[in-house]
Every structure is written in C-alpha cells, then in structure tokens.
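Have a look at the model first, and then we can go over it together.

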Amino acid sequence: MPNDFATEAFADIQGEDFDIIVQSFSDIIESISEVNCVAYGVEPDTVKRYHEVMANVGGPAHR
C-alpha cells in the first residue's frame, strides 16, 4: 500500500515533515492515472498494472 511504502521509504525524516511527505506521496500514488503519470516519470503501463493489482486487493483504484 502507498502509505506503508512511504512510511518505510522516508523513515529517516522526522516530525511534521515526515507526516506531510508520507501524506503527499500517498495522495499522489492514489490519484495517479494513465494521463497524469508522465508528470511523475511513471510509465502508463505501470499505472495500469498498479490499478489492476489494487482492484484485486481491494485498495484504492482510481482511474
């Protein structure tokens, strides 16, 4: 899940900055689409696979 990944990836940041970064990262991942993914340097196929996986595990699957 995006929040779990962000929590681990940014563990070296402390305090309020950590909360802001984790929330921002999670928001971006949960709202990424095959259209806006280019702005984040993510391939559309990767986004499509992400949405398929999230739909299968019951996670957020915005399109």
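Serine 33 is buried, with a relative accessible area of 15%; buried means under 20% relative accessible area, exposed over 50% and partly exposed in between, using a 1.4 Å probe and protein chains only. Serine 33 is found in the loop between H2 and helix H3 (44–57). Leaving aside residues up to four places away in sequence, Serine 33 touches Val47 and His51, where contact means heavy atoms within 4.5 Å.

A word on the model itself. It is predicted, so local features need pLDDT of at least 70 and side-chain atom pairs count only at pLDDT 80 or more, while totals for chains, interfaces and linings use all residues. Residues are numbered from 1 along each chain as its sequence is written, and side-chain values use heavy atoms, with hydrogens and water left out.

Now for the overall layout. The protein has three helices and zero strands, running α-α-α from the N terminus on. Helices (H or I, at least four residues) and strands (E, at least two) are DSSP runs, numbered from the N terminus. Of the 63 residues of the protein, 21% count as buried, and the C-alpha trace spans about 35 × 25 × 15 Å along its principal axes.

How do H1 and H2 pack? Helix H1 (residues 2–9) and helix H2 (residues 16–31) meet at an angle of about 140°, with their axes 9 Å apart. Axes here are lines fitted to C-alpha atoms, for helices over the stretch in contact, and angles run from 0 to 180 degrees between N-to-C directions. These residues make the contact:

| Helix | Residue range | Contact residues |
|---|---|---|
| H1 | residues 2–9 | Pro2, Asn3, Phe5, Ala6, Thr7 |
| H2 | residues 16–31 | Phe18, Val22, Phe25, Ser26, Ile29, Glu30 |

On the H2 side, the buried residues are Phe18, Val22 and Ser26. Seen down the axis of H2, they fall within an arc of 55°, so they line one face of the helix; the arc is that of the directions from the helix axis to the C-beta atoms. These buried residues of H2 pack against H1.

Is glutamate 8 buried or exposed? Glutamate 8, which lies in helix H1, is exposed, with a relative accessible area of 67%. The C-alpha atoms of glutamate 8 and valine 22 are separated by 9.4 Å, and the two residues are 14 residues apart along the chain.
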